[in-house]
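Biologist: Hi! Could you walk me through this one? I'd like to start with the ligand.

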Amino acid sequence: MQYDLIAPTAFGLEAVTARELTRLGFADVHTEDGRVYFKGDEKGVAKANLWLRTAARVQIQLARFKAVTFEELFQGVYAIPWGDWLPENARFPMDGRSVKSTLFSISDCQAIAKKAVVEKLKKTYHRDFFEETGALYRLEVSLLKDTVTVTLDTTGAGLHKRGYRKIAGEAPLKETMAAALIDLTFWRPGRILVDPMCGTGTIPIEAALIAENRAPGLTRSFPAEEWPAFAKAFAEAREEAKSLIQPAKEITIFGSDIDAKAADVSATCARLAGVEGAVRFQRADMRTFKSEERYGFILTNPPYGERLGQEEEVQKIYRDMGSVFRKLDTWSVYVITAHPEFEKLYGKKAEKRRKLFNGRIPCQYYQYPGPKPPRPPKNED
Ligand SMILES: C[S@@+](CC[C@H](N)C(=O)[O-])C[C@H]1O[C@@H](n2cnc3c(N)ncnc32)[C@H](O)[C@@H]1O
């Protein structure tokens with residue numbers, strides 16, 4: 001069956017997620033604030049969950065209609081063929097959202113939508129009470145300017161939870177954001193990538209997953225895998241994803257941090273992600289960084305002063321980043337930070353900037369792309 005699917009994503013990343021979906025072969029991809037719409041069948045749902053690196057989750061859109069009264073809301077939800085979706089023992093919590101709508105009480109909208117589902121199921125299954133002890137079918141009724149969208153979540157814990165991070169760092173970047181930052185560079189697998197302030201290693205690990213063509217969802221599970229209509233599609237998509245892994249031939253991705261624990265934590269995460277053969281971590285002060293390599297990439301998320309460290313210290317780090325990285329004349333440098341004075345302290349204006357949110361913190365992504373490497377000489381025989 002073909003479904004209308006929605007991939008919510010962080011504000012500012014809609015185009016990145018849309019590009020990812022198109023690359024994965026999905027049709028009818030279009031974006032709206034914080035959401036990407038696309039279409040797909042059961043296999044598509046499985047593939048999107050397993051492969052999407054930058055989206056927050058994958059939802060099935062069950063209905064979309066106008067409602068300005070609770071009766072219209074009730075009837076719209078009741079009209080959905082719930083018996084086709086929910087087995088008799090399904091657990092179906094109902095989340096709610098309301099923005100700029102006549103029906104503004106979220107708890108009332110949730111309660112009415114839930115009642116509409118229960119009333120329909122009573123008719124379908126000829127019973128009065130549902131114990132909700134089976135598989136999870138998380139629903140959401142969301143109102144935006146009086147348009148109701150009813151969705152079924154297929155993902156569970158957000159897609160940033162890849163399953164490889166068991167130990168929380170002090171200020172880790174979301175995995176989905178790290179993957180998006182990488183996507184916004186010209187880096188390609190096989191080329192050098194370094195995060196010299198890597199913390200728990202999110203950026204190098206996400207790069208290594210890309211380098212080895214590993215589906216980021218392979219190390220976790222999804223509620224939709226338990227649904228009878230989707231179980232086979234998930235099993236097939238998992239097998240396919242496993243067969244597509246291309247182990248790295250050499251290590252070209254590196255992470256380092258001044259904190260003694262960071263390298264160990266990062267290496268453990270890399271092992272859990274299955275990418276220990278593609279990435280190496282060590283303890284080092286960013287100020288000592290040098291490289292014989294040319295045309296490499298630095299992608300880093302330094303302290304901001306807001307969450308970690310002191311203002312003065314942060315300013316010194318940015319000045320030192322400038323003097324160390326600007327010497328690497330063939331390298332590309334990408335930095336995400338919330339600090340308003342970054343460019344001034346670093347000593348160079350970025351060629352491009354992009355506004356992004358790291359969690360709730362508004363940040364800028366400063367981009368200093370380096371020169372293109374010369375093409376390798378053609379084989380002349
Ligand atoms: C915002 S955190 C990075 C978080 C990381 N992106 C993650 O996902 O876990 C900044 C990191 O910079 C490191 N750091 C601060 N000064 C440093 C220096 N001089 N050299 C190397 N690392 C440094 C801190 O130890 C901290 O782990």
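Modeller: Happy to. Keep in mind that this is a predicted model. The shell around the ligand is made up of 14 nonpolar, 5 polar and 4 charged residues.

Biologist: Which residues are the closest to the ligand?

Modeller: Met197, Gly199, Thr200, Thr202 and Met286 are the closest, out of 23 residues that surround the ligand.

Biologist: Let's take methionine 286. Where does it lie?

Modeller: Methionine 286 sits in the loop between strand S10 (279–283) and S11. It counts as buried, because it has 21 C-beta neighbours inside 10 Å, and the cut-off for that class is 20 or more.

Biologist: And what does methionine 286 touch, not counting residues up to four places away in sequence?

Modeller: Pro196, Met197, Met321 and Val324. There is also isoleucine 317, which is 31 residues away from methionine 286 in sequence, with 8.8 Å between their C-alpha atoms.

Biologist: Is tyrosine 295 buried, exposed or partly exposed?

Modeller: Tyrosine 295 counts as partly exposed, because its C-beta neighbours inside 10 Å number 16. Its place is in the loop between S10 and S11, and its phi is positive, about 60°, although tyrosine 295 is not a glycine.

Biologist: Which other positive phi values can you show me, say for lysine 100?

Modeller: Lysine 100 has a phi near 50°, a positive value in a residue other than glycine. Most residues other than glycine have a negative phi. You'll find lysine 100 in the loop between strand S5 (94–99) and helix H5 (106–125). Lysine 100 has 9 other C-beta atoms within 10 Å, so it is exposed. There is a glycine to look at too: glycine 25, which follows H1, has a positive phi near 95°.

Biologist: Switching topic: how is the protein chain divided into domains?

Modeller: Into domain 1 (3–153) and domain 2 (175–215 + 224–368). Their C-alpha centres are 33 Å apart.

Biologist: How many residues are in contact across the two domains?

Modeller: On the domain 1 side 18 residues, and on the domain 2 side 22. Helix H2 (residues 42–51) gives the largest share of the domain 1 side, 8 residues. That side divides into 11 nonpolar, 3 polar and 4 charged residues.

Biologist: What about the largest nonpolar core?

Modeller: The largest nonpolar core has 55 residues, and Leu181, Ile205 and Ala208 have the most contacts inside it. Helix H7 (residues 202–211) supplies the largest share, 7 residues. Both domain 1 (3–153) and domain 2 (175–215 + 224–368) give residues to this core, so it lies between them. Apart from it lies another core of 25 residues, including Ala18, Val36, Phe222 and Ala224.

Biologist: Back to isoleucine 205: what is it in contact with, leaving aside neighbours within four places in sequence?

Modeller: Tyr164, Cys269, Ala270, Ala273, Val275 and Val279.

Biologist: Why is H6 largely enclosed by the rest of the structure?

Modeller: Because 8 of the 9 residues of H6 are buried. Those are Glu175, Thr176, Met177, Ala178, Ala179, Ala180, Leu181 and Ile182. The cover over them includes H1, H7, strand S11 (297–300), strand S12 (332–337), strand S13 (352–358) and strand S14 (361–368).

Biologist: And which residues of helix H1 are buried?

Modeller: In helix H1 (residues 14–23), they are Glu14, Val16, Thr17, Ala18, Glu20 and Leu21. They pack against strand S1 (3–8), strand S2 (27–32), strand S3 (35–40) and helix H6 (175–183).

Biologist: Which loop holds threonine 9?

Modeller: The loop between S1 and H1. Threonine 9 has 25 C-beta neighbours inside 10 Å, so it counts as buried. Setting aside neighbours within four places in sequence, threonine 9 is in contact with Glu14, Thr17, Gly34, Val36, Thr54, Ala55 and Ala56.

Biologist: Last one: how do S1 and strand S4 run, parallel or antiparallel?

Modeller: Antiparallel, with 3 bridges joining S1 to strand S4 (residues 59–66). Aspartate 4 has glutamine 61 of S4 as its bridge partner. S4 also pairs with strand S7 (residues 147–153) in the antiparallel sense, over 7 bridges, and there glutamine 61 is partnered by threonine 151.

How values were computed. Residues numbered from 1 in each chain as written. Predicted model: local features only at pLDDT ≥ 70, side-chain atom pairs only at ≥ 80, totals over all residues. Near = placed C-beta within 6 Å. Nonpolar A, V, L, I, M, F, W, Y, C, P; charged D, E, K, R; others polar. Buried ≥ 20, exposed ≤ 12 C-beta atoms within 10 Å, placed from the backbone. Helix = DSSP H or I, 4+ residues; strand = E, 2+ residues; numbered from the N terminus. Contact = placed C-beta atoms within 7 Å. Core = buried A, V, L, I, M, F, W, Y, C linked by C-beta atoms within 7 Å. Domains from an automatic or database assignment. Pairing = 2+ DSSP bridges.
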